[in-house]
Amino acid sequence: MSEMKMPEVKTYSKMETFNGVTMETLYRKGREPVDPKNMDVSANGPGMASMGMGITPDLNPRTYECAPGIICEQDIAVEMRDGVKIYVDIYRPKDKTNIPVIISWSFYGKRPGEGMAEWQIMGVTPGSVSKLTKFESPDPLYWCYKDYAIANVDPRGVGHSEGDVCCFGTQDARDGYDFIEWVAQQPWCNGRVGMGGNSAVAMTQWRIAAECPPHLACIAPWEGTSDIYRESMYEGGIPAIAFNEFIVSAITSENLVDDMVAMARKSPLMNAYWEDKIPKFENIKIPVYATACWNHFHLRGAFQGFRKIKSKKKWMRAHREFEWPDGYSHERIAELNLFFDRYLKDIHNCWESTPRVRLEVMDAKEFLYAKDRPERTFPLKRTEYKKLYLDAANNALSWDPVETKTSYSYDGNTGIANFDIKFEEDIEITGYMKLHLWVEADGHDDMDMFVNIQKLDTKGEWLPVSVLGEPHPGTWGKMRVSHRALDEEKSTHFQPIQSHLKEEKLAPGEIVPVDIELVPISRFWHKGQSLRIQIAGRYIREGWFEPLFWDQDNRGNHIIHSGGEYDSYLQVPVIPAKYQDGDILYGTKD
């Protein structure tokens with residue numbers, strides 16, 4: 001999909017310093033905070049605010065009973081280290097002390113509209129979540145009755161909070177530190193602070209925890225992107241302006257908002273601004289319970305965070321469902337309750353016996369091959385990396401290298417290249433894949449490549465996984481070929497990571513190798529089913545509710561070379577049985 005046309009937005013320039021580098025940054029005016037009592041929410045313009053998010057009632061400091069036995073301390077002002085005041089709503093059990101607090105920290109608005117509308121938590125059974133719940137955050141009417149406090153924060157610049165909004169950077173993280181240390185000293189608090197929530201509410205947890213606030217006892221970042229540039233704004237080097245405009249345009253503020261969209265246009269390569277939005281994972285040593293969805297764009301970041309943190313007490317659960325129905329299911333909330341009880345209340349409830357890694361191994365549609373299969377590490381130590389070589393002459397894949405040099409050409413804007421292999425025995429693929437290709441652009445100096453790894457049934461028909469009732473296009477990767485240079489320090493033999501420090505345009509007739517990073521996968525193929533590599537110059541998905549568009553740069557044809565010196569291949573992480581006794585396999589499903 002090509003980039004949607006975005007309205008012109010006036011920007012404001014600042015000079016800011018990131019890790020010793022001073023540079024110009026761009027801001028925009030935030031969406032004006034509006035009390036929902038005085039407006040037609042449906043007419044509030046584009047972005048999330050028009051659908052009930054980011055609506056900001058006038059300041060009204062008060063304490064009231066919001067539910068039987070639960071009080072809300074509304075619009076409390078908290079001063080940051082530089083004197084800026086931010087505002088928070090705190091929900092807690094009435095007349096109880098010595099209780100921990102769970103923080104939701106994001107720019108969504110601490111009291112969005114009249115509560116979470118149905119569109120905001122698609123896939124969740126109506127009535128599951130109370131109207132006091134901030135978007136993608138812990139529900140006060142669950143946690144307060146479990147003797148926790150919930151703090152919904154409007155960070156710097158958000159709503160009526162003072163200052164300018166910083167999106168996921170060091171300033172935001174330091175403010176999180178200051179707030180944690182403030183709330184831990186409140187007379188009702190036991191001095192233990194946790195953080196919870198998914199998506200953007202998870203992303204801020206990584207960054208704040210990396211600042212190491214002394215009273216932050218644990219975090220639960222569910223589905224959290226970790227690298228805004230590589231995973232959202234320029235995945236594979238291809239700009240995705242529309243979705244980020246959707247997010248930035250909805251941030252309500254009386255002041256200025258960090259304009260990541262304008263910065264993406266101004267700074268299309270990695271620099272100090274984008275580096276500042278990557279958490280310092282090596283600093284995180286507290287207990288962490290993370291989750292990842294195999295079919296959502298937070299996937300890469302969730303696993304990057306889990307793998308890179310230095311905590312000796314960390315857990316990962318990867319699942320096939322979308323983040324909202326997973327995050328608000330009674331089964332998963334009960335698990336999260338155990339985690340917080342252990343590290344915020346010091347209740348010895350055997351949480352430590354939870355497997356460090358649990359994987360849902362996908363099969364087809366809503367069916368799983370294995371649910372919550374316990375593992376010790378990710379990637380799995382018993383992984384066997386194998387190569388499937390492309391045969392461009394036959395649009396096929398082979399376990400053996402292809403000797404004859406051939407090529408396959410497709411239109412860069414409308415064409416598709418498919419390469420298939422039918423498996424002669426059952427096979428599980430779990431972990432990181434990478435696609436090594438030799439490519440050429442015919443008629444242009446660049447090419448954008450969108451890759452899906454799909455499963456075909458025994459008749460050769462596509463067999464997708466269902467997500468919110470829609471077919472998911474498959475495990476994915478993206479590559480703008482001019483961004484093909486890798487960061488040799490960050491890359492591994494199974495995960496190539498682009499540096500994004502330079503552009504290398506293609507000369508006419510030039511054939512170059514590219515290593516395309518694919519997000520993690522866990523899926524099972526039965527005997528007689530096929531794996532397909534789908535390659536196109538566009539993202540192939542119809543009818544999805546999120547505005548996922550990319551600004552493609554394709555003209556002419558794309559050519560994929562294979563055979564001989566052009567050893568194009570897909571490297572797959574094959575998972576053998578845990579134990580084998582002759583022809584008997586153990587642990588293939590459990």
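This is a predicted model: local features need pLDDT of at least 70, side-chain atom pairs count only at pLDDT 80 or more; totals for chains, interfaces and linings use all residues.
Close-up 1. Cys144 is buried, with a relative accessibility of 1%. A disulfide needs two cysteine sulfur atoms within 2.5 Å, and by this rule the model has zero disulfides. Cys72 is likewise in no disulfide, the nearest cysteine sulfur being that of Cys66, 5.6 Å away. Cys72 counts as buried because its relative accessibility is 0%.

**Close-up 2. The largest pocket and its lining.** Here we look into a space of about 900 Å³, the largest pocket of the model. Its lining is made up of 37 residues, and Glu275, Asp276, Lys277, Ile278 and Lys280 are the closest to the pocket centre. Which elements each supply at least two residues of this lining? They are the strands β1 (12-18) and β2 (21-29), together with the helices α2 (170-183), α4 (228-233), α7 (272-275) and α8 (299-308). By residue type, the lining holds 18 charged, 11 nonpolar and eight polar residues.

**Close-up 3. The second largest pocket.** Glu425, Asp426, Ile427, Val574 and Ile575 are the closest to its centre among the 22 residues that line the pocket. Two or more lining residues come from each of β14 (367-375), β15 (384-391), β19 (427-431) and β30 (579-581). The lining of the second largest pocket divides into 11 nonpolar, eight charged and three polar residues.

**Close-up 4. Helix α3, a mostly covered helix.** How many of the 10 residues of helix α3 (residues 200-209) are buried? The count is 10 of 10. Have a look at the side chains along α3: the buried residues include Met203, Trp206 and Ile208, and also Thr204, Gln205 and Arg207.

Close-up 5. His472 sits in the loop between β23 (470-471) and β24 (475-480). Is His472 buried or exposed? With a relative accessible area of 4%, His472 is buried. A polar atom of the His472 side chain lies 3.0 Å from the backbone nitrogen of Gly474. Leaving aside residues up to four places away in sequence, His472 touches Asn295, Trp462, Pro464, Val465, Val467 and Arg541.

Technical notes
Residues are numbered from 1 along each chain as its sequence is written. Side-chain values use heavy atoms; hydrogens and water are left out. On a 1 Å grid over the protein atoms alone, a cavity is a set of points where a 1.4 Å probe fits but cannot get out, and a pocket is an open set with protein on both sides within 12 Å along at least five of seven lines; lining residues have an atom within 4 Å of a point. Grid points are joined across faces, edges and corners, and a volume is the space filled by probe spheres set on the points. Helices (H or I, at least four residues) and strands (E, at least two) are DSSP runs, numbered from the N terminus. Ala, Val, Leu, Ile, Met, Phe, Trp, Tyr, Cys and Pro count as nonpolar, Asp, Glu, Lys and Arg as charged, and the others, Gly among them, as polar. Buried means under 20% relative accessible area, exposed over 50%, partly exposed in between (1.4 Å probe, protein chains only). A polar contact is a pair of N or O atoms within 3.5 Å; within protein, one must be able to donate a hydrogen and the other to accept it, and residues adjacent in sequence count only if both atoms are side-chain atoms. Contact means heavy atoms within 4.5 Å.
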